[in-house]
Amino acid sequence: MIQEKERSELISDIIKYSALGYERFLTIADSGNVSCRFGDGILVTGSGVELGEVTENGILHLDMNGNILSNPLGLKPSKEASMHLSIYRLRPDVNSIYHVHPAYTTAYAVKGMTIPFLTSTAKRKIVKTPLVPYAEPGSEKLGDYVAEAILATGNESIKSLLLEGHGILTFADSVKLSFQLAELLEVTAKIAFLSQSIVDKS
Ligand SMILES: [Zn+2]
């Protein structure tokens, strides 16, 4: 019973924060995916599901090896679920992952550049967003690169990664916090970009 209540609360959070990310242009069309830990596996949005229109039936339950435990609509699991699982396996402190392709952060990602953290909020709340080398979205190689980037940061417990030529991953204790980190990272990239076009007074 308790697990059922926990499941419905987590599903409500995934639906709410997926829709919010879509409304705030963190992603478009059917790109991006959101997940959280549940029981001995994860809940994750299905392949082809638009983040603006996630429903309870559009969320799959997978075990930690990516096997399907529940899939009401018979959707394909997101091809990027393996990337999420790589992080959950290495970081027991992470309970939710948010993956989107927002315009400003992805502009830095396609240039192969890390995002300049110019604001105190970004420095304090995000700390660091390492760049993960490019690999085909959904590939095993990308999952390996993500795992390597996490391991390379050791005890730093980073909360985000920039995927070269692709998008961002943010991870936190809850769906709400992983969404907020994605939003903050995008605003941080936007501020860095806009500040370059302002002519210095001096
Ligand atoms: Zn992606």
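Phe 179 is buried, having a relative accessible area of 2%, where buried means under 20% relative accessible area, exposed over 50% and partly exposed in between, for a 1.4 Å probe and protein chains only. The model is predicted, and local features need pLDDT of at least 70 while side-chain atom pairs count only at pLDDT 80 or more, although totals for chains, interfaces and linings use all residues. Residues are numbered from 1 along each chain as its sequence is written, and side-chain values use heavy atoms, with hydrogens and water left out.

**Aromatic pairs**

- Rings of Phe, Tyr and Trp (its six-membered ring) pair if their centres lie within 6.5 Å, with planes under 30 degrees apart counting as stacked, over 60 as edge-to-face and the rest as tilted; the count by this rule is 3 aromatic pairs.
- The rings of Tyr 17 and Phe 179 have centres 5.5 Å apart and planes at 35 degrees, so this pair is tilted.
- Tyr 17 counts as buried at 7% relative accessibility, and together with Tyr 98 and Phe 179 it forms one aromatic cluster.

**Nonpolar cores**

- A nonpolar core is a set of buried Ala, Val, Leu, Ile, Met, Phe, Trp, Tyr and Cys residues joined through side-chain atoms within 4.5 Å; the largest one has 33 residues, of which Ile 14, Leu 43, Tyr 98, Val 100, Ile 115 and Ile 126 touch the most other members.
- Two or more residues of this core come from each of α1 (2-23), β1 (33-38), β5 (96-100), α3 (103-110), β8 (167-172) and α6 (175-195), and α6 gives the most, with 8 residues.
- Leaving aside neighbours within four places in sequence, Ile 14 is in contact (heavy atoms within 4.5 Å) with Val 34, Cys 36, Leu 43, Thr 45, Val 54, Ile 59 and Val 175.
- A second, separate core of 22 residues includes Val 44, Leu 62, Val 94 and Ala 149.

**Strand β1 and its partners**

- In β1, 5 of the 6 residues are buried, so this strand is largely enclosed by the rest of the structure.
- Two strands pair if DSSP finds at least two bridges between them; β1 and β5 run antiparallel and are joined by 4 bridges, with Ser 35 standing opposite Ile 97 in β5.
- Strand β2 (residues 41-45) is likewise joined to β1 by 4 bridges and runs antiparallel to it, and the bridge partner of Cys 36 in β2 is Leu 43.
- The hairpin of β1 and β2 has 2 residues between the strands, and Gly 39 there takes a positive phi near 55 degrees.

- His 99 counts as buried at 0% relative accessibility, whereas His 101, at 26%, counts as partly exposed.
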